Amino acid sequence: MNTATSIEYVHGYSERESHRLGDQADTLAELLHEGTAYPAGSRVLEAGCGVGAQTVHLAASSPGATIIAVDHSAASLAQARDRVTAHAPGSEVEWRHADLLDLPFPDAAVDHAFVCFVLEHLADPARALAELRRVLRPGGTLTVIEGDHGSALFHPDGAAARAVIDCQVRLQAASGGDALLGRRLQPLLSAAGYTEVRVRPRTVYADRARPALVEGFTRHTFIAMVESVRADALAAGLITGSAWDRGIAELRRAADPDGTFHYTFFKAVAVNP
Ligand SMILES: C[S@@+](CC[C@H](N)C(=O)[O-])C[C@H]1O[C@@H](n2cnc3c(N)ncnc32)[C@H](O)[C@@H]1O
């Protein structure tokens with residue numbers, strides 16, 4: 001699994017999770033990647049590339065740039081390579097099996113860095129931001145996209161549904177992460193010494209008028225993510241099996257024809273001075 005560090009990833013590395021990351025990236029590509037394009041000839045580090053779900057979109061938006069994709073899961077990197085070969089053939093991607101807290105690059109080695117859904121899983125995101133600054137050239141940019149489960153608003157609302165989302169937040173915290181990190185991006189990046197920090201919320205809102213988002217985001221990204229931690233939540237004693245099943249059933253109503261779902265991602269762009 002992961003040889004370079006002992007940090008656990010709360011969602012795991014199953015085939016189901018790999019599909020979920022792909023659905024998430026493809027459904028949200030326009031929303032999240034809008035405004036992100038790197039000049040031809042630039043070297044762009046993607047830290048925590050996972051199964052390459054964002055890599056294919058990065059490569060497509062920045063033809064001529066070289067993406068250096070890093071992850072500490074060798075299995076995810078292998079899947080990422082297959083995904084890029086299938087979906088973005090001919091793109092320039094270098095693959096590195098490494099820990100983003102201890103990158104195998106000299107100072108100022110890359111022009112830009114891109115990080116998506118990674119800081120929220122780290123016990124020490126400030127350390128990751130410092131290491132990214134070390135390898136970024138002066139004047140280079142850092143783009144970070146993170147979620148924030150506190151932004152989940154849905155109809156019909158219900159305490160049972162909120163309880164299962166809360167299990168996910170608590171499990172992530174127990175593994176050292178922070179599922180509410182999105183709202184902290186501005187202070188985190190500023191404290192790490194980045195300048196010109198600009199954070200823009202990117203909101204997903206799905207109702208019956210947006211059936212592709214109901215399917216791709218509400219069902220296959222958000223609810224699938226919460227559902228995937230059932231065994232861990234029960235094992236940790238956070239909830240009973242029947243309360244869990246009630247909560248998931250309640251949450252699924254947000255994807256019914258009379259349901260709605262809202263979630264905000266936070267996208268930060270900053271400069272390494
Ligand atoms: C939620 S996944 C996101 C993957 C991808 N960025 C995406 O948006 O689909 C988080 C990824 O970060 C990787 N990761 C977590 N900690 C890491 C570390 N210290 N070094 C390298 N990769 C790490 C995990 O292996 C996992 O692939």
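Biologist: What covers the buried residues of α9?

Modeller: First, a caution: this is a predicted model. For α9, the cover includes α5 (159–174), α7 (211–227) and α8 (230–235).

Biologist: Which residues of α9 are buried?

Modeller: W244, G247 and L251 are buried in α9. They sit on the same side of the helix, because they cover an arc of only 65° around the axis. The face turned away from that buried side carries the exposed residues G241 and S242.

Biologist: How far apart are the end C-alpha atoms of α9?

Modeller: Compare the span with the expected one. Helix α9 covers residues 241–252, so its 12 residues should span 16 Å at 1.5 Å a residue. Its end C-alpha atoms are 17 Å apart, which agrees.

Biologist: Now α3. How many residues has it?

Modeller: Helix α3 has 14 residues, 74–87. From first C-alpha to last it reaches 20 Å, close to the 20 Å expected. Its buried residues are S76, L77, Q79, A80, R83 and V84. These cover an arc of only 160° around the axis, which puts them on the same side of α3. On the other side, D82 and A86 are exposed.

Biologist: Where is the place of A88?

Modeller: A88 is in the loop between α3 and β3 (92–97).

Biologist: Why does A88 count as partly exposed?

Modeller: Count the C-beta neighbours inside 10 Å. A88 has 19, so it counts as partly exposed; buried would take 20 or more.

Biologist: What does A88 touch, beyond residues up to four places away in sequence?

Modeller: With those set aside, A88 touches V56, A59 and A60. Take A60: it is 28 residues from A88 in sequence, yet their C-alpha atoms are 6.6 Å apart in space.

Biologist: Which residues touch the most other members of the largest nonpolar core?

Modeller: V44 and A113 do, in a core of 77 residues. Leaving aside neighbours within four places in sequence, A113 is in contact with L45, A47, L132, L136 and L142.

Biologist: Last, the ligand. Which residues come nearest?

Modeller: Read the shell by distance, then by element, then by class. Of the 23 residues around the ligand, G48, G50, A53, H72 and L100 come nearest. The elements that give two or more residues to this shell are α1 (15–33) and β2 (66–71). By class, the shell has 13 nonpolar, eight polar and two charged residues.

How values were computed
Residues are numbered from 1 along each chain as its sequence is written. This is a predicted model: local features need pLDDT of at least 70, side-chain atom pairs count only at pLDDT 80 or more; totals for chains, interfaces and linings use all residues. A nonpolar core is a set of buried Ala, Val, Leu, Ile, Met, Phe, Trp, Tyr and Cys residues joined through C-beta atoms within 7 Å. A residue is buried if 20 or more other C-beta atoms lie within 10 Å of its own, exposed if 12 or fewer, and partly exposed in between; C-beta atoms are placed from the backbone. Two residues are in contact if their C-beta atoms, placed from the backbone, lie within 7 Å. Helices (H or I, at least four residues) and strands (E, at least two) are DSSP runs, numbered from the N terminus. The expected span of a helix is 1.5 Å times one less than its number of residues. The arc is that of the directions from the helix axis to the C-beta atoms. A residue is near a molecule or strand if its C-beta atom, placed from the backbone, lies within 6 Å of it. Ala, Val, Leu, Ile, Met, Phe, Trp, Tyr, Cys and Pro count as nonpolar, Asp, Glu, Lys and Arg as charged, and the others, Gly among them, as polar.
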